Amino acid sequence: MSGHAAPQPLAARHLPGLLAVQRACYSDAYVEAAEVYARRLASPANCSLVLATAQGRVCAYLAAYRSRLGRVTPLHGDFEAAAQPDTLYLHDMAVLPECAGQGLAGALLAAVLAQARAAGLAHAALVAVQGSQPWWQRRGFAACAQLPAAQRQRLASYGEQAVYMTSTLLNR
């Protein structure tokens, strides 16, 4: 992670850089609007992180929030605060292609999972897209096919290849 500061909270000032990372990493269908991210940052459940250079250039981000196991945030959807969160929902993580292989994704993931464990969250969950399922499996996530119909509908917003995955954070 040379040249990059430690992960810090994702803030409104990072939105232009976040959008640039999205455009570099995703097809148009997966790029989410600045307005959506602004609403997410305002959510009391938000715990998103960013990695930037000393000059402020966003190199990687991880959009996450406290939720409930089995809930899927639809693509382009808002972060929905849960009354009794038990899960860290990892909505989106992206690294500028030119920064790939520097451990940025792992650093973001380790930082946000440490925060989740400290907060007492028992699970982490995400929707794997664009063939990322093996990367998440190597980090302890497993596919979870059992979702209520309404949540399967939300999962479908990511396309046929999307996979809902979960991991246990705490032994209860």
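Q130 sits in the loop that links β5 to α4 (133-137); helices (H or I, at least four residues) and strands (E, at least two) are DSSP runs, numbered from the N terminus. The model is a predicted one, in which local features need pLDDT of at least 70 and side-chain atom pairs count only at pLDDT 80 or more, while totals for chains, interfaces and linings use all residues. Residues are numbered from 1 along each chain as its sequence is written, and side-chain values use heavy atoms, with hydrogens and water left out.

Q130 has a phi near 50°, a positive value in a residue other than glycine. Most residues other than glycine have a negative phi. With 46% relative accessibility, Q130 counts as partly exposed, a class that falls between buried (under 20% relative accessible area) and exposed (over 50%), using a 1.4 Å probe and protein chains only. H76, in the loop between β3 and β4, also has a positive phi, near 70°. H76 is partly exposed too, at 38% relative accessibility.

Now for the strands. β5 and β7 run antiparallel and are joined by six bridges; two strands pair if DSSP finds at least two bridges between them. A128 has V163 of β7 as its bridge partner.

The largest nonpolar core holds 58 residues, and L88, L90, V127, W136 and Y158 touch the most other members. Such a core is a set of buried Ala, Val, Leu, Ile, Met, Phe, Trp, Tyr and Cys residues joined through side-chain atoms within 4.5 Å. Elements giving two or more residues to this core include α1 (15-25), β4 (87-95), α3 (104-118) and β7 (163-168). Leaving aside residues up to four places away in sequence, the contacts (heavy atoms within 4.5 Å) of L90 include L62, V112, V127, W136 and F141.

Finally, there is the largest pocket, with a volume of about 540 Å³. A pocket here is an open set of points on a 1 Å grid over the protein atoms alone, where a 1.4 Å probe fits, with protein on both sides within 12 Å along at least five of seven lines; lining residues have an atom within 4 Å of a point. The volume is the space filled by probe spheres set on the points. Of its 21 lining residues, Y26, M93, A94, S132 and W136 lie nearest the centre. β4 gives the most to this lining, with six residues. The lining divides into 16 nonpolar, three polar and two charged residues, where Ala, Val, Leu, Ile, Met, Phe, Trp, Tyr, Cys and Pro count as nonpolar, Asp, Glu, Lys and Arg as charged, and the others as polar.
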